[in-house]
Amino acid sequence: MTDRGMQELALLLLTALANESRHGYAIAQEVKAITDGRVAPRTGALYGALDRLLADGLIVVEREEVVGGRARRIFALSVNGRERLETEAERLAATAREMRRRLADGTAPAT
């Protein structure tokens, strides 16, 4: 695992899978809900990121099904993915605490 933070889309995909398994379209809709519509992943970016998360062992294909003649993969967070999401949540919380501390300090930057 790297000390570098995850890219936003990957982090949002893991978050979307944290409480239940989902297929690609449902993941995209959950990401939109999580971000109040700020992030609406395009199909290529969504599946590219899902493929990278699969390759990294952070998610798994829980099952495959056929709906309307089309194959659909249902993705789930892996044990490693849950651990990574917890690590990222702590990292982001620490960063947010520091931002709030500095904002509360109230000193203006030098110009």
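Me: Which residues of helix α2 are buried?

Reply: Buried denotes under 20% relative accessible area, exposed over 50%, and partly exposed in between (1.4 Å probe, protein chains only). In helix α2 (residues 24-34), the buried residues are G24, I27, A28 and V31. Helices (H or I, at least four residues) and strands (E, at least two) are DSSP runs, numbered from the N terminus. This is a predicted model, in which local features need pLDDT of at least 70, side-chain atom pairs count only at pLDDT 80 or more, and totals for chains, interfaces and linings use all residues. Residues are numbered from 1 along each chain as its sequence is written, and side-chain values use heavy atoms, with hydrogens and water left out.

Me: What covers the buried residues of α2?

Reply: Contact means heavy atoms within 4.5 Å. The cover includes α1 (8-16), β1, α3 (43-55) and β3.

Me: In what order do the strands form the sheet?

Reply: Two strands pair if DSSP finds at least two bridges between them. Here 3 strands form an open, antiparallel sheet in the order β1-β3-β2. The edge strands, β1 (22-23) and β2 (59-67), each pair on one side only. Between β2 and β3 (residues 70-77) there are 8 bridges in the antiparallel sense; V60 has A76 in β3 as its bridge partner.
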